[in-house]
There are 2 protein chains.
Amino acid sequence: MRSLQITDKQEQALQIVDADMPEMPANSVLVKLKAAALNRRDYWISIGKYPGIRPGVILGSDGCGIVEKANSEQGQAFVGKEVIINPNINWGNDPKVQSADYTILGMPVNGTFAEYIAVPVDRIHEKPSHLSVEEAAALPLAGLTAYRALFTHGQVDADKKVFISGAGGGVAQYAFLFSRAVGATTYISSGQAEKVEKFASIGAAKAYNYKDDGWIKQAAKDSGGIDVVIDSAGGDQLNDFLKVLNPAGKIVFYGATTGLPSKIDLYRMFWSQATLQGSTMGNDQEFEAMIEFVKKHRIKPIVEPSIAFDQAHTAFEMLADNKQFGKVVLKMDE
Amino acid sequence: MRSLQITDKQEQALQIVDADMPEMPANSVLVKLKAAALNRRDYWISIGKYPGIRPGVILGSDGCGIVEKANSEQGQAFVGKEVIINPNINWGNDPKVQSADYTILGMPVNGTFAEYIAVPVDRIHEKPSHLSVEEAAALPLAGLTAYRALFTHGQVDADKKVFISGAGGGVAQYAFLFSRAVGATTYISSGQAEKVEKFASIGAAKAYNYKDDGWIKQAAKDSGGIDVVIDSAGGDQLNDFLKVLNPAGKIVFYGATTGLPSKIDLYRMFWSQATLQGSTMGNDQEFEAMIEFVKKHRIKPIVEPSIAFDQAHTAFEMLADNKQFGKVVLKMDE
């Protein structure tokens, strides 16, 4: 079967290569993939900036497909059904944090950028019926990360004012959609004018270009104070967010793409009882809850027009350029 | 009556001066003070390093005394009784954070370093019977701050491993006593060898001198990972604490006496789902819960031999030298 792999660690050779059909351990299902979405994680792996990269592993954390085979009674019930895959592997028993054995589908374990994948039956969930296979494929990793950051840590509800930074990103998109779905007043920032405009047009209370001078003061003025910031940029901007936060406010962050802040204003933090909360992915209960949430609120993931699997390089270039508005999805041949 | 005030803001002249007897607004009680404890806050005010210092205000947040007069039925029930005073003023309606009107007894409102004080009747609580007036006076501000940091934010219980930095401080002392009382495994650090020894002798699992090379690595090894750090030092040591934290661990801090960290390791924080939580004082419900906790566990505050009110300058010098092991308490004349 065809699959997308890093074939050489030194040269970061991302190639479509032939791979053996996956073996099926006990209690697994064989899924013929219909669509698979890219995450920033795949991009970091493709440019060698991720821990533990191994050549010869099929990339891809997100996928939607049809179950072709199963070797357990539980799995049989899914045969012929369209499913999405929970990319968590070995979260462990503590809902608060992943175990030391935790990994994510698509490195070091073979992932979804292939014609077929075998996964344990407890990793699959029926595709929500209101979603296309492309939309469903775009949901798992980013939706789960957003759900945990927003609800488990941020405790966002209709009474909250939420700020989502870098709203063009995959996780940030879901944070925006989920935050809007519960009725929270939701502000966003982006570094690209066209994304700022789009978010303003789809329900952002206000949208800011973070390259504009004085945008953060304007956001403070417009909002009258933010309760929860969802961030993945990190850097010195964190101190700006601390200034905009309401008392007892929270900054929940799941990345630090602009690096570490040169300081952090602890004085302001302790007097205002502020929280700086790290977050990543989410546990299996949160994955199920996220799927139910998406069904209940009929959330439609925002996706770019899908790209044929053979053109996977184009998809990775889109992430490099960072111009896409929605998730980038690979479509497998029918 | 005699009272301790900053009489001149420029010269920071801390003097015992004669003051009018306090007036009694509606629903207040007149307390004849028996003992009053110093907090680091009083020291910062005495050296001009606190926001909003005004000359002519009686200092002091902590006090224990006997109710002499009341102008309400509720207050009458306390006449002749020994009470401690809740130093919170206008916390407000949100248990999570103080209101913008919040202040602490002893600046800008007249405080406990005087022969008498009038306070609203809802600020007083009967002195726990197992405490001397000196011990009771030493409890309010620091006990409340420790209670909130440890339990409300840190959620410390018998299963937790807790690290308390700078354990010679007033709040840290209570954090230690309260943490031990619930059965948590409790580690401490201090910069003074004699304090390290004393804490080791009164129940610290291990006590470290933070001036020793490699102490933090030793603490990591001894503890096998810390669940909750209670800190008021801030500075670059925060990154050391992040390394010692267990996954989903928390650093709760109520000060930053060594300044701001030059960076903060966000990468470690998000992957380990760590929390950096600011905290200060506590609400009125927490004050009541803290008093009940002290009664239930028969907590005995650690106090230095008390100092006569006339010798208040000596008490402030003790805080400047930072050699005291327990709280520094002023004893009023009988």
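The crossing of helices α7(A) and α8(A) is right-handed, a crossing being right-handed if the near helix is turned clockwise from the far one by less than a right angle, and left-handed if anticlockwise. The model is predicted: local features need pLDDT of at least 70, side-chain atom pairs count only at pLDDT 80 or more, and totals for chains, interfaces and linings use all residues. Residues are numbered from 1 along each chain as its sequence is written, while chains are lettered from A and ligands numbered from 1 in the order in which they are written. Helices (H or I, at least four residues) and strands (E, at least two) are DSSP runs, numbered from the N terminus.

**Helix packing in chain A**

- The axes of α7 (residues 215–223) and α8 (residues 237–244) of chain A come within 10 Å and cross at roughly 20°; axes are lines fitted to C-alpha atoms, for helices over the stretch in contact, and angles run from 0 to 180 degrees between N-to-C directions.
- This angle makes α7(A) roughly parallel to α8(A); angles under 35 degrees count as roughly parallel, over 145 as roughly antiparallel, 65 to 115 as roughly perpendicular and the rest as oblique.
- I216(A), A219(A) and A220(A) of α7(A) make the contact with D240(A), K243(A) and V244(A) of α8(A), where residues are in contact if their C-beta atoms, placed from the backbone, lie within 7 Å.
- Four nonpolar, no polar and two charged residues form this contact; Ala, Val, Leu, Ile, Met, Phe, Trp, Tyr, Cys and Pro count as nonpolar, Asp, Glu, Lys and Arg as charged, and the others, Gly among them, as polar.
- Helix α7(A) also lies across β10 (161–164), β11 (185–190), β12 and β13 of chain A, and runs at about 170° to β12(A).

**The sheet across both chains**

- Twelve strands form an open sheet of mixed pairing, in the order β12(A)-β11(A)-β10(A)-β13(A)-β14(A)-β15(A)-β15(B)-β14(B)-β13(B)-β10(B)-β11(B)-β12(B); two strands pair if DSSP finds at least two bridges between them.
- The edge strands, each pairing on one side only, are β12 (206–209) of chain A and β12 (206–209) of chain B.
- From one strand to the next, the twist averages 15°.
- Within chain A, β13 (residues 226–231) runs parallel to β14(A) and is joined to it by five bridges; V228(A) stands opposite K250(A) in β14(A).
- Between the chains, three bridges join β15(A) to β15 (residues 275–278) of chain B, and these strands run antiparallel.
- T275(A) stands opposite Q277(B) in β15(B).

**Contact between the chains**

- Chain A and chain B each contribute 29 residues to the contact.
- On the chain A side, β14 (245–253), α9 (266–271) and β15 (275–278) give two or more residues, and α9(A) gives the most, with five.
- This side of chain A divides into 16 nonpolar, ten polar and three charged residues.

**Domains of chain A**

- Chain A is divided into domain 1 (2–139 + 301–331) and domain 2 (144–278), with bounds from an automatic or database domain assignment.
- The domain centres, taken over C-alpha atoms, are separated by 28 Å.
- Six residues of domain 1 are in contact with six residues of domain 2.

**Backbone features**

- The peptide bond from M107(A) to P108(A) is cis, with omega near 5°, and P108(A) is found in the loop between β7 (103–104) and β8 (116–120) of chain A.
- In chain B, the peptide bond from M107(B) to P108(B) is cis, with omega near 5°.
- N90(A), a residue other than glycine, has a positive phi near 60° and lies in the loop between β6 (88–89) and β7 of chain A.

Conventions:
Two residues are in contact if their C-beta atoms, placed from the backbone, lie within 7 Å.
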